[in-house]
Amino acid sequence: PSVGEIARAIGAKVIGNETIEIKGVASIASASPGDLVYVDDDKHLPAALSSPAAAVVARTGDVLIECR
């Protein structure tokens, strides 16, 4: 699914490219290109955003952010 499709399914707002394809879900430490990472604490957001993940779901406001 694309970032946009996931965002619509979970009621999230997308910041970035909605057409990026997501291939899996991972932790910040194990993220690869194409992965989606979930962050439930703001203190982990910078690490998630600098990871190779394709997108990050941030709990604050249910925002889906495209990284790569």
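1. A definition to start with: helices (H or I, at least four residues) and strands (E, at least two) are DSSP runs, numbered from the N terminus. With that in hand, Gly16 sits in the loop that joins strand 1 (13-15) to strand 2. Gly16 counts as partly exposed, at 49% relative accessibility; the classes used here are buried for under 20% relative accessible area, exposed for over 50%, and partly exposed in between (1.4 Å probe, protein chains only).

2. A word on what you are looking at. This is a predicted model, in which local features need pLDDT of at least 70 and side-chain atom pairs count only at pLDDT 80 or more, while totals for chains, interfaces and linings use all residues. Residues are numbered from 1 along each chain as its sequence is written, and side-chain values use heavy atoms, with hydrogens and water left out.

3. On confidence, pLDDT is the predictor's confidence in each residue, from 0 to 100. The chain has a mean pLDDT of 88, and 88% of its residues reach 70 or more. Strand 2 (residues 24-25) has the highest confidence, at 96, and strand 5 (residues 63-66) the lowest, at a mean of 66.

4. Now the overall layout. Two helices and five strands make up the list of elements, and from the N terminus on they follow the order α-β-β-β-α-β-β. Of the 68 residues in the chain, 44% are buried. The accessible surface comes to about 3800 Å², and carbon and sulfur atoms hold 55% of that surface; the areas come from the Shrake-Rupley method with a 1.4 Å probe, and for residues only the protein chains shown count as cover. Among contacts (heavy atoms within 4.5 Å) with a separation of 6 or more, 22% join residues 24 or more positions apart.

5. Just after helix 1 comes Gly11, with a positive phi of about 70°.

6. Two serines deserve a look. Ser2, in the segment before helix 1, is buried with a relative accessible area of 9%. The side chain of Ser2 reaches the backbone oxygen of Glu18 at 3.4 Å, a polar contact, that is, a pair of N or O atoms within 3.5 Å; within protein, one must be able to donate a hydrogen and the other to accept it, and residues adjacent in sequence count only if both atoms are side-chain atoms. Beyond its neighbours within four places in sequence, Ser2 is in contact with Glu18, Thr19, Ile20 and Glu21. Ser51 belongs to the loop between helix 2 (45-49) and strand 4, and is buried with a relative accessible area of 4%. The side chain of Ser51 reaches the backbone oxygen of Ala48 at 2.7 Å.

7. The pairing of strand 2 with strand 3 is parallel, over two bridges, and Gly24 has Asp35 of strand 3 as its bridge partner. Strand 3 and strand 4 (residues 55-58) also pair in the parallel sense, over four bridges. Four of the five residues of strand 3 are buried.

8. Which residue of strand 4 is the bridge partner of Tyr38? The partner is Val57, and Tyr38 itself is found in strand 3. Not counting residues up to four places away in sequence, Tyr38 touches Val57 and Arg59. Tyr38 and Ala58 are 20 residues apart in sequence, with 6.1 Å from C-alpha to C-alpha.

9. Finally, strand 4 itself. In a regular strand the side chains alternate between the two faces of the sheet. Here Ala55 and Val57 point one way, Val56 and Ala58 the other way, and all are buried.

Methods. Two strands pair if DSSP finds at least two bridges between them.
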